Amino acid sequence: MKKKLILETTAPFQGLPELVAYDEGLFEKEGLQVEWADREKGVEKKTDTAITSQKGVNPFSSHGRLLEQGQADMYNACEWGNYCRVQDTGVGSRQVGRRGIVTYGAIVVRPDSEVYTAQQLANRTVGVPFYFGTHYLALHLLEGFLPRDLIKVCRAPNGSRYRFDSMMKGEIEATTLTEPYITLAEKKGCRTICSAFYHGTEVASDRVDAETYGAFNRAVREAVKRINANKAGYLHYFIDYHKAKDPEIGTLKPEDIREGRIVVCDPAPIPIEEMQRTYAWLKSWGMLEETESPLELVDVHVQAKAHSAMGYRA
């Protein structure tokens, strides 16, 4: 009898290996019956330039919402946001390891923007999705060019389509995007100001034990192997996932997306030294104020046991 595992839905930019593992029967091969729960249903998609900080914003507006309601067993999201979510969890969720994709994100401006460098974004409004990966990515990127008091971010929706539209309407000067919307923006003449890759993690409820997570990771690891062996053959995921709801994405071809922006690797434990640096950086931005140690935010037992069979040490 297969073990049932309910995952919150994930887009290719943050969950390509999971989608491939599902489509190619790799979860089933590991004895898992995976089902998807739609985390986006009913989520508000509006820009609000009056909201300039994550304080007071619900960290479970999308990622983690269904897990907190007992309707999902696991979700994946950016590592920074997941530290914050598991601090605020009401059901004892914990991070259990890094996901199998390293996401590429970018800060982008309109073709007619007067901004050409990150330094020129001083005191200009950058729309970010608070508690999502590119929120934190924007802070990391901009503080390399600007003092923190000149970094001006505001709340923009999760989902690159909505932020892109908000930017093109002039509601915000710049915004953060992920693929395939970076490719679409560039095709429409927008400029990428700066970009980087970032990690994400898996968050699990107490219903997910080390054996289940280990089986999940074995399936994902095989998907990673297949993607790396034929990356061009999987680029269509970035178009297929969106084109039904967004016909403009349907005008793109898989070869339009740069293979170098799609990076997948074996799921692995969060290294303790990186965990500590991430924790300290989030603290420096006024987050994780109720957490004494990053080890409170990770189930080190499940992480260690699930990954040990694959040769990793947390």
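How many salt bridges does a search of the whole structure find? The answer is 25. Keep in mind that you're looking at a predicted model.

Start by selecting Glu24 and Arg226, which form a salt bridge with their closest N and O atoms 2.7 Å apart. Glu24 sits in the loop between helix 1 (12-23) and helix 2 (26-29), while Arg226 belongs to helix 8 (residues 210-229), so this pair ties together parts that are 202 residues apart in sequence. Glu24 is partly exposed, at 31% relative accessible area, and Arg226 is partly exposed too, at 30%.

Lys305 is in helix 11 (residues 300-308), so the two join parts 94 residues apart in sequence. Glu211 comes out as partly exposed at 45%, and Lys305 as partly exposed at 43%.

Next, select Arg98 and Glu79. Their side chains meet in a salt bridge at 2.8 Å, N to O. Arg98 is in strand 4 (residues 94-98) and Glu79 in helix 4 (residues 79-88), 19 residues apart. Are they buried or exposed? Both are buried.

Now highlight Arg161, Asp165, Lys188, Asp246 and Glu248 together: salt bridges link them in a network.

Last stop, the cysteines. There are zero disulfides in the structure. Cys154 has Cys194 as its nearest cysteine sulfur, 16 Å away, and for Cys194 the nearest is that of Cys190, at 15 Å. Cys154 is buried at 1% relative accessibility, and Cys194 is buried at 10%.

Terms used. Residues are numbered from 1 along each chain as its sequence is written. This is a predicted model: local features need pLDDT of at least 70, side-chain atom pairs count only at pLDDT 80 or more; totals for chains, interfaces and linings use all residues. Side-chain values use heavy atoms; hydrogens and water are left out. A disulfide is a pair of cysteine sulfur atoms within 2.5 Å. Buried means under 20% relative accessible area, exposed over 50%, partly exposed in between (1.4 Å probe, protein chains only). A salt bridge is a side-chain nitrogen of Lys or Arg within 4 Å of a carboxyl oxygen of Asp or Glu. Helices (H or I, at least four residues) and strands (E, at least two) are DSSP runs, numbered from the N terminus.
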